[in-house]
Amino acid sequence: MSEIKVRFAPSPTGPLHIGGARSALFNWLFARHDNGKCIVRIEDTDLERSSRESEENILSSLRWLGLDWDEGISVGGPNGPYRQTERLELYRQYTKELLASGWVYRCYCSEEELAAQREVQMAAGEMVGYTGKCRDLSEEDCKRHEAEGRKPVLRFKVPQGKVLTIRDKVRGDVSFDCNGIGDFIIVKSDGIPTYNFAVVVDDYTMGITHVVRAEEHLSNTPLQVLLFEALGWPVPEFAHISLILGKDRSKMSKRHGATSIQQYRDMGYLPEAMVNFLALLGWSPGTEDEVFTLEQIKERFSLERVAKSPAVFDLDKLNWLNGYYIRNSSVERIAELAFPYLQQAGYLPEAVNDRLMEKVRLVTVAVREYLEYMAQVVDYAEVFFKDPAYDDPEAKEVLAQEQVPIVFGALQDKLTGAGALDEIGAKAMLKKLPKELGLGGKLVFQPLRVGLTGKTKGPELHHLLPALGGPKVIERLKNALQTRG
RNA sequence: GGCCCCAUGGUCAAGCGGUUUAAGACACCGCCCUUUCACGGCGGUAACCCGGGUUCGAAUCCCGGUGGGGUCACCA
């Protein structure tokens, strides 16, 4: 069997979307599982909306996710260029061929005429499609239109009375009646090919064996198959994966919240969590495991196990998964990831020394189990960097308890003159405290927590003490005492 | 509206004719752990869209209905 070759072909009209990312991922998984090749091609034939900025964003998001490609944009290859606007000459060549073989004809209908016609068809409940008005224009007709300054589009002559069956690797056989397909445009009046045409030329010339893409392209497939056949080219295999839906079960879009990979990256989601989550949206390993590396998914992946039904994007599950990865990554990595958020929040100065780096590490140890995504570190870490205001009613109540001065004094005494505390030391010191004071744990620890943070809940005291450091602890306890009035 | 796709708990999903009193995960609820919150552990609530067939037997196959979605551009 010949080598599998797939492509991910985004149009650079915006940042990489969650759905696009999953399509790219499934392409990659499918190909790599069989040691096949991946291509990234840029479909920028929409001159109005395409931008280099979007292209850059898409590529960087793909790399961030850990997806690589053997051939394509920015890595080159034997079938380039990989940007459609740089392949215009190639399309022109096949346009000529199609014109010569009579599969394609010039159409001079204006957009206004077509829109009006479409409305009539819609209203009448008919299949919407070009009626073939310009199909049999004579050479003179064409000249006359040209003389009027009309620029033609090129339309494909869709054969009538034919039923096309597409063999889809996830959906099975899907049939379309050609009578329901109007003669579609393959070259716009500005000479730029349309998506359906460019895709076919590229997929053939690049040797694509399998087209894995979102279900929204399913209805385009018969048009493309028609083109492959007209050109006498082999038709690749197709696999249309279901869409990702928002909470309201409609196609995911901006109004459903964050939809681009970039946004999740900015919020501090880890790429491996994102990949894991996306893979589970529509694919399942068939076992009870849920947590996988890209590599492990690759080993297990097959299109047979891809679901046909659409999947709702479940942020709760993403958060759980991401939190899981955060909890199970090294403290060093999480501290490094936390750093920019802490800095942005103004907790850290521009220039940081080793002592501050160590503090960030200790803070990370204390708060990472709370995090669903890194941006949340700002809230949880606040108590380590900002002195408390003691304005919470519940906190005031705790501080008003009569044993508070004794408890604070005891800890202050222990800390005064003591060296730097580590987690173990802090734990030991704290553990002895209740017994020494002859008080219950709650009467000791709750006031200390409030005294140190101004809040009744938060990180472990044995994490708090080392991160804050002896002098800061003493200072805060003193301030807390003063608020008792 | 035409065409196409889809249909198991709130969500993701396992199940591919009998081994199912229908897995697992997220979310939710309860208990435990614990100085708090979280983490973790244990347990619980909760589903085969409806109607016909086929079959000894259907969540699993077929047909119809209903529901949801996609698509009908000189966008991809």
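**Salt bridges, cysteines and a charged patch**

Start with arginine 150 and glutamate 148: their side chains meet in a salt bridge, 3.9 Å from N to O. A salt bridge here is a side-chain nitrogen of Lys or Arg within 4 Å of a carboxyl oxygen of Asp or Glu. Arginine 150 is partly exposed, at 29% relative accessible area. Glutamate 148 is exposed, at 53%. The cut-offs: buried is under 20% relative accessible area, exposed is over 50%, and partly exposed is in between, with a 1.4 Å probe and protein chains only.

Some ground rules. This is a predicted model, where local features need pLDDT of at least 70 and side-chain atom pairs count only at pLDDT 80 or more, while totals for chains, interfaces and linings use all residues. Residues are numbered from 1 along each chain as its sequence is written, chains are lettered from A and ligands numbered from 1 in the order in which they are written, and side-chain values use heavy atoms, leaving out hydrogens and water.

How many salt bridges are there by this rule? The count is 34. Take arginine 32 and aspartate 68, at 3.0 Å from N to O. They link distant parts of the chain, 36 residues apart: arginine 32 is in helix α1 (residues 18–33), and aspartate 68 is in the loop between α2 (52–65) and β3. Helices (H or I, at least four residues) and strands (E, at least two) are DSSP runs, numbered from the N terminus. Arginine 32 is buried, at 13%. Aspartate 68 is partly exposed, at 42%.

Next pair: arginine 83 and glutamate 55, with their closest N and O atoms 2.7 Å apart. Arginine 83 sits in the loop between β3 and α3 (88–100) and glutamate 55 in helix α2, so this bridge ties together parts 28 residues apart in sequence. Arginine 83 is buried, at 12%. Glutamate 55 is buried too, at 3%.

There is also a network. Arg7, Arg41, Glu43, Arg87, Asp202 and Asp203 are linked in it by salt bridges.

Now cysteines. Cysteine 109 is buried, at 15%. For cysteine 142, the closest cysteine sulfur is also in cysteine 134, at 8.1 Å, again too far. Cysteine 142 is buried, at 9% relative accessibility.

That is it from me. Questions, please.

Methods
A disulfide is a pair of cysteine sulfur atoms within 2.5 Å.
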